[in-house]
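Hello,

Here is the structure I promised to pass on. My notes follow below it.

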Amino acid sequence: MASVHESLYFNPMMTNGVVHANVFGIKDWVTPYKIAVLVLLNEMGRTGEGAISLMERRRLNLLLLPLLQGPDITLSKLYKLIEDSCPQLANSVQIRIKLMAEGELKDMEQFFDDLSDSFSGTEPEVHKTSVVGLFLRHMILAYSKLSFSQVFKLYTALQRYFQNGEKKTVEDADMELTSREEGERKMEKEELDVSVREEEVSCSGPLSQKQAEFFLSQQAALLKNDETKALTPAALQKELNNLLKFNPDFAEAHYLSYLNNLRVQDVFSSTHSLLHYFDRLILTGAESKSNGEEGYGRSLRYAALNLAALHCRFGHYQQAELALQEAIRIAQESNDHVCLQHCLSWLYVLGQKRADSYILLEHSVKKAVHFGLPYLASLGIQSLVQQRAFAGKTANKLMDALKDSDLLHWKHSLSELIDISIAQKTAIWRLYGRSTMALQQAQMLLSMNSLDSVNAGVQQNNTESFAVALCHLAELHAEQGCFAAASEVLKHLKERFPPNTQHAQLWMLCDQKIQFDRAMNDGKYHLADSLVTGITALNGIEGVYRKAVVLQAQNQMSEAHKLLQKLLTYCQKLKNTEMVISVLLSVAELYWRSSSPTIAMPVLLHALALSKEYRLQYLASETVLNLAFAQLILGIPEQALSFLHMAIEPILADGAILDKGRAMFLVAKCQVASASSYDPPKKAEALEAAIENLNEAKNYFAKVDCRERIRDVVYFQARLYHALGKTQERNRCAMLFRQLHQELPSHGVPLINHL
């Protein structure tokens, strides 16, 4: 289930999507790239309305804002962007820049003199207060302040910029020609995007204030919403180091460095950057100016709070608690209720394993509502629902609570929390064994569009909740035997969340579990055993459990029993009820496979009591299946058959294909065992019904490629056909059994002792 407190990190750069910093001495300066943009603007103004179509003008207008705000890019890249929007204008711009670069210094002087004409007349081409007008005025002012030597250096830089652009254009043309001849034109889209982005940033010197602000806010938004479109960790850190080299006191650059180091799980560097951020925030006086005398203390308490969050993320709970106590102390001295509410939420996160943690959480929700903090209030409700789901509360009460939180989300446009809420519903329905409802919720999340207009046209679909929903979708398809569909979902996950991203562990674990289940179904226990290591690295409890399952399948009963007993003790201590029940079912299977069904009965009854108490319907149905099988072994098939009617409906409605096959196979076994005391006509009728159920079970097993169970089914069918005197059908089943028996290993386990 998704962690709902990941969003509690204090992120100053995401305030309205703008970085608040004014630490650069110079706001803007003229560069060769900006001269090229000025030429573009001048040509757009000179070109009549009829010369450029409406669609081309619209594309150019959309292109202007990133060109004005973004970092300097190469001339060849600029030509390509203009050409994609309006080929005719791209040619005019190229000619103008060429004439200026290959001419004399007075040509550049004349160009800047002519720029002022854009504002003249009763109907000027550009309004002074528009985005383009402000850019033109800044450039004209910055150029007029340059000395003669600086103007000469600028012109020399323009010539060099033009020559490099021309050289790059020729190289690109040669490369395209060569690639056509060799037929090697396929290149990964992501690699192309990354190379362009890195080239855009790294082709220039120090960024101006506006460029730095735009760069930081854009990268912060990408890290939050779509990490794959952000710069790689190494490239981003290189650019941040370049920014800090020219201005070491740029606080927000330190904070982005902190977020970047979190991506690669570098605890030392992330702590270093976080502390530098708050140090620089205090030194520059930015907080004091905006918050009066409270600014200094505010920085200190939020520094301690963020440090606690950082330690909690890396599992350093003792250090996190100490930092949180410091934050609470400073916040109480300053009477800062907002900071105290954040601290209260993190207190719950640190102490959520305690029995009384829900009291703390309820208090946190009430206080957050009282102080008008809908984000924190909603996160508290989400955590409360998650906790009560594990405690076995009814689904209708949990959904009512989530409905209340959804009202908060829609009222305050908290789209990120809407996604988390739907992912929570998906996880809750799966926990309770309602796969159809879980599938519906997952698809609802995937079909939703983000409410946030994120920079660079990014849709908010690369968050943790999106990854969780896709993983559920993959597992649900795999359970129904749709392995091709599950593989497509996993392929999409791998593209959207590459291995180096922070949410990649979700799909890695999902992929390993699906591969493990397929290997076990196919009887390839050596392959399943090799996958256990990867599962254990991602989830220790799940890895140990699956190791025990492999040992049990390989008939290493004593080793499997020892492992399961240790795991049972550990899970009971952690109150992981779902895993406790799964372990109890595996222990019971060990007992009856060791010909001790009477010892298995108390274990199964304990598992059933836990399933009913925590309302885990699917595990309860699976436990009833095992109880019915134990009763069959003990020689009371009639009671086992009546007991099966309690579990068969939920399994056929929401169960996995494998469990549906097991249920129908068990029904057939009980029918055959009950028919031993019937009259011959009634017995023949019961055996015919059992054969039909066996056919259905065989179809289910075939969907998940479970050949071992198909072998058991055809063996049983051959025996029944022999009893009914149907020789041809018996021989067909016997031949199929022999073929499967030769292909598959036999461990000497009696068929009747295998559910």
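Start at Lys 575: its relative accessibility is 61%, so Lys 575 counts as exposed (over 50%; buried is under 20%, partly exposed in between, with a 1.4 Å probe and protein chains only). Lys 575 sits in the loop between α27 (557–574) and α28 (577–593). Its phi is positive, near 60°, and the residue is not glycine. Most residues other than glycine have a negative phi.

Arg 615 also has a positive phi, about 55°. Its loop joins α29 (597–613) and α30 (617–633). Arg 615 counts as partly exposed because its relative accessibility is 42%.

A word on the basis. This is a predicted model, where local features need pLDDT of at least 70, side-chain atom pairs count only at pLDDT 80 or more, and totals for chains, interfaces and linings use all residues. Numbering runs from 1 along each chain as its sequence is written, and side-chain values use heavy atoms, without hydrogens or water.

Overall, the protein has 35 helices and 0 strands (DSSP runs, H or I of at least four residues and E of at least two, numbered from the N terminus). Of its 755 residues, 51% are buried.

Next, a helix pair. α31 (637–654) and α32 (657–674) pack at about 160°, axes 10 Å apart (lines fitted to C-alpha atoms over the stretch in contact; angles run from 0 to 180 degrees between N-to-C directions). The two are therefore roughly antiparallel (over 145 degrees). Contacts (heavy atoms within 4.5 Å) include Leu 644 and Ile 648 of α31 and Ala 663 and Val 667 of α32.

Best wishes

How values were computed. Parallel < 35°, antiparallel > 145°, perpendicular 65-115°, else oblique.
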